[in-house]
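Work through the following exercises with the model open beside you. Try each task before reading its solution.

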Amino acid sequence: MNHTHRLSHLDQLESEAIYILREVAAQFERPALLFSGGKDSICLVHLALKAFRPGKFPFPLVHIDTGHNFDEALKFRDDLAEKIGEKLIVRYVQDSIDQGKAVEEKGKFPSRNAIQAVTLLDTIAEFKFDACIGGARRDEEKARAKERIFSVRDEFGSWDPKLQRPELWNIYNGKIHVGENVRVFPISNWTELDVWEYIRKEKIDLPSLYFSHQREIVWREELVFPVSKFISLDNTDKVETRTVRFRTVGDMTCTAAVESEANSVDDIIREIQVSRTTERGSRLDDKRSEAAMEERKKGGYF
């Protein structure tokens with residue numbers, strides 16, 4: 001009798017991501033895994049453990065710290081790196097500002113998202129990284145959906161959506177010229193729901209930010225923003241305490257919360273299944289123009 005084992009949807013996504021991680025290790029000399037302490041990069045670390053244990057990772061963990069991060073995410077980042085015994089490299093956007101390489105925005109909600117590309121490109125040059133692995137997904141934002149899994153960047157870190165390589169039958173071409181580098185997206189084919197279902201299946205720990213909690217907030221453009229030392233409040237702002245959680249974790253100046261009572265992974269999955277808004281619908285920096293993300297990517301943004 002012929003017994004055929006069929007992989008589940010999540011098993012297929014996991015298998016593809018592990019294959020991509022191993023391809024990076026095989027094709028590149030100095031890869032890095034960008035790790036922020038957010039859920040997608042946490043899943044990447046989990047996948048890397050499956051791909052390479054009992055050996056060490058063939059790449060360091062790298063975080064470009066904007067200085068506007070949530071304390072909960074930074075603590076989780078440090079604790080996880082220590083727990084798994086892997087090297088963590090941190091470089092700071094504030095250093096780029098102090099060196100005159102980047103100019104910080106002014107205003108009530110100054111975002112450092114665009115200028116972190118300067119620090120990232122300097123870090124790539126410092127360590128001569130030829131590939132950077134990240135947790136971007138195609139369902140996040142329309143510019144993400146244009147990009148290949150192996151995304152070649154020129155010597156200036158720029159991405160040209162018209163000059164991309166075909167990826168047929170899971171064949172990934174990592175050949176690059178001197179000075180170029182590749183951004184690699186192992187979970188590109190995952191959705192937000194896939195990520196949460198994988199977190200449930202694998203029992204992956206996350207920062208408390210993703211679950212409902214009480215937090216001081218202000219409203220801006222019908223979005224709920226956390227009160228922090230990085231935003232400038234005036235007498236028109238009404239500070240309230242609400243029960244919220246975060247669907248995505250970026251800078252405190254541009255990442256909005258959602259009002260939610262979801263305090264378990266099962267609750268969050270049910271919430272996502274009925275949600276009519278995208279995950280990055282709560283990112284203020286993506287709302288600046290129709291092509292905000294694409295323009296940042298052309299300038300070297302991850």
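**Exercise 1. Decide whether F59 is buried or exposed, then classify its ring pair with F57.**

Step 1. F59 has a relative accessible area of 4%, so this residue is buried. Buried means under 20% relative accessible area, exposed over 50%, and partly exposed in between (1.4 Å probe, protein chains only).

Step 2. F57 has a relative accessible area of 8% and is buried.

Step 3. Rings of Phe, Tyr and Trp (its six-membered ring) pair if their centres lie within 6.5 Å; planes under 30 degrees apart count as stacked, over 60 as edge-to-face and the rest as tilted. The ring centres of F57 and F59 are 5.6 Å apart and their planes stand at 55 degrees, so this pair is tilted.

A note on the source: this is a predicted model, in which local features need pLDDT of at least 70, side-chain atom pairs count only at pLDDT 80 or more, and totals for chains, interfaces and linings use all residues. Residues are numbered from 1 along each chain as its sequence is written, and side-chain values use heavy atoms, with hydrogens and water left out.

**Exercise 2. Classify the ring pair of W190 and Y198.**

Step 1. The centres are 5.1 Å apart.

Step 2. The planes are at 80 degrees, so the pair is edge-to-face.

Step 3. W190 and Y198 are both buried.

Step 4. In total, the structure holds 11 aromatic pairs. Ring pairs also link a cluster of Y19, F28, F150 and Y172.

**Exercise 3. Give the strand order of the open sheet with four strands, and find its edges.**

Step 1. Strands are DSSP runs (E, at least two residues), as helices are (H or I, at least four), numbered from the N terminus. Two strands pair if DSSP finds at least two bridges between them.

Step 2. The order is β8-β7-β9-β10, with antiparallel pairing.

Step 3. The edge strands, β8 (223-226) and β10 (258-259), each pair on one side only.

Step 4. Strand β7 (residues 213-220) is joined to β8 by four bridges. R220 has L223 in β8 as its bridge partner.

**Exercise 4. State where confidence in the chain is lowest and where it is highest.**

Step 1. pLDDT is the predictor's confidence in each residue, from 0 to 100. The chain averages 88, and 89% of the residues score at least 70.

Step 2. The lowest mean, 53, belongs to helix α9 (residues 292-298). Helix α2 (residues 39-52) has the highest, at 98.
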